[in-house]
Amino acid sequence: MADTAAVEVLADVHRGVGRILLNRPKALNALTTGMVAAIDRVLAGWEHTALSAVVIASTSPKAFCAGGDIRTIREHSVAGNAGASELFFASEYRLNARIAEYPVPVVSLIDGLCMGGGLGLSVHGGFRVVTERAVLAMPETGIGFFPDVGASYFLPRLPGAIGMYLGLTGHRLDAADALYTGLATHFVPADGLDAVGEALADNPGDPVDVVLNRLADRSPVADSGLAEVRGDVDWAFGAPALGEIEKRLRHLDTPWAAAALAALEAASPQSLEITHALLARGRQHTLRECLAAELALTRTTVRSPDFLEGVRAALADKDRSPHWQRAPLGGRTPTT
């Protein structure tokens, strides 16, 4: 595993800038336990090195990181190997905390897909650069899981009820939406991404923010579709209970509300309940407290019928037709 991880995670120091490259392109850089451990070892080793910044990027234009290797987690659950799943999540969350607390600025270059664990690698660092090809999402409720990697910390801290909306529906954000929500901090065109590391190395005394702003093209944030429906997002997803969110979406009767309602009805009812409860409490807890709560939840969730069925439908058989344990939203579940 160590040899494989060494190939799937490339790292070096170039003129005072640490560089970590995710290099598992065929799997869209889906994170394995070995990859997580390799990144953690690299960062731990650099903590006492005189670096001006650390850059995390991908060798693939299709994906920064499509998330954790959830299909393997399902295989562990089916085989009754709870220890392997525990090791993965504990290692991943430890890495999330390390990135958040890192003594050197961490700059993630998000080109292509960035989902689930990919957000865990990037959003806890101070700088998240997106290109025009970026797509960000926390799609876990659609596979019988819940937004983790510290999402119960960072989603509730987004403006208004945006975090609840993203966590419950798995809505995909383009670069404009990512910048509007604050999940991304800077925009650099894909053809300018390679210049980021060099610019940081050339200007070690300048604030990272200033260096990135020099490279930035015109921000697409004015084109954010999410900004256009922000009032509706805050009203509907600011409701105190899942049933009330559903009622408000039906009341709105707009294309956006219909799409949001369809996403909720397609998701695992169990996942929606877990996610709503987690995000409602998240703003009053620290990142480490949120990660600890998420880790405790993984122990039961990865063995639940909805998780096994959701991953089967999405990633194993790919029929996209999960059969959840309980009826979805739509008036067939209590609204309390």
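This is a predicted model: local features need pLDDT of at least 70, side-chain atom pairs count only at pLDDT 80 or more; totals for chains, interfaces and linings use all residues.

Analyst: R15 is partly exposed, with a relative accessible area of 45%.

User: With which residue does the side chain of R15 meet in a salt bridge, and how many residues apart is the pair?

Analyst: The side chain of R15 meets that of D202 in a salt bridge, at 2.3 Å from N to O. The pair links distant parts of the chain, with R15 in the loop between β1 (9–14) and β2 (17–22) and D202 in helix α9 (residues 194–202). The partner is D202, and the two are 187 residues apart.

User: Is D202 buried, partly exposed or exposed?

Analyst: The relative accessibility of D202 is 48%. Partly exposed residues lie between the buried limit of under 20% and the exposed limit of over 50%. D202 therefore counts as partly exposed.

User: N29 also has a positive phi; where is the place of N29, and is N29 buried or exposed?

Analyst: The phi of N29, a residue other than glycine, is near 60°. N29 has its place in the loop between β2 and α2 (33–46). Because its relative accessibility is 0%, N29 counts as buried.

User: Which strands form the open sheet, and in what order?

Analyst: The open sheet is formed by 6 strands, and the pairing is mixed. Its edge strands are β1 and β9, each of which pairs on one side only. The order is β1-β2-β3-β5-β7-β9.

User: How many bridges join β3 to β5, and which residue stands opposite V106?

Analyst: Strand β3 (residues 53–58) and β5 run parallel, and 3 bridges join them. The residue opposite V106 of β5 is V54.

User: How many bridges join β5 to β7, and which residue stands opposite R128?

Analyst: Strand β5 (residues 106–110) runs parallel to β7, and the two are joined by 4 bridges. Opposite R128 in β7 stands S108.

User: How many bridges join β7 to β9, and what is the bridge partner of V130?

Analyst: There are 2 bridges between β7 and strand β9 (residues 186–187), which run parallel. The bridge partner of V130 in β9 is F187.

User: Which residues of β7 are buried on each side?

Analyst: In a regular strand, side chains alternate between the two faces of the sheet. In strand β7 (residues 127–130), both faces are covered. The buried residues are F127 and V129 on one side, and R128 and V130 on the other.

User: How many salt bridges does the count come to, and which residues are linked in a network?

Analyst: The count comes to 18 salt bridges. The network of salt bridges links E309, R312, D317 and D319.

User: With which residue does R299 form a salt bridge, and how many residues apart is the pair?

Analyst: R299 forms a salt bridge with E86, and their closest N and O atoms are 2.9 Å apart. The pair links distant parts of the chain, R299 in helix α16 (residues 287–301) and E86 in helix α4 (residues 82–100). R299 counts as partly exposed at 37% relative accessibility, and E86 counts as partly exposed at 27%. The partner is E86, and the separation is 213 residues.

User: In which helix do E244 and R248 both lie, and is R248 buried or exposed?

Analyst: The side chains of E244 and R248 meet in a salt bridge at 3.2 Å, N to O. Both lie in helix α13 (residues 242–252), 4 residues apart, which is about one turn of the helix. E244 is partly exposed at a relative accessible area of 26%. The relative accessible area of R248 is 18%, so R248 is buried.

User: Which residues form the positive surface patch, and in which helix does R71 lie?

Analyst: R71 counts as partly exposed, because its relative accessibility is 39%. The positive surface patch is formed by R71, R172, K318 and R320. R71 lies in helix α3 (residues 70–78).

Note on methods. Residues are numbered from 1 along each chain as its sequence is written. Side-chain values use heavy atoms; hydrogens and water are left out. Patches are made of residues with over 30% relative accessible area and no salt bridge: like charges are joined within 9 Å, nonpolar side chains (Val, Leu, Ile, Met, Phe, Trp, Tyr) within 5 Å. Accessible areas come from the Shrake-Rupley method with a 1.4 Å probe; for residues, only the protein chains shown count as cover. A salt bridge is a side-chain nitrogen of Lys or Arg within 4 Å of a carboxyl oxygen of Asp or Glu. Lys and Arg count as positive and Asp and Glu as negative; His and the chain ends are not counted. The place of a charge is taken as NZ of Lys, CZ of Arg, CG of Asp or CD of Glu. Buried means under 20% relative accessible area, exposed over 50%, partly exposed in between (1.4 Å probe, protein chains only). Two strands pair if DSSP finds at least two bridges between them.
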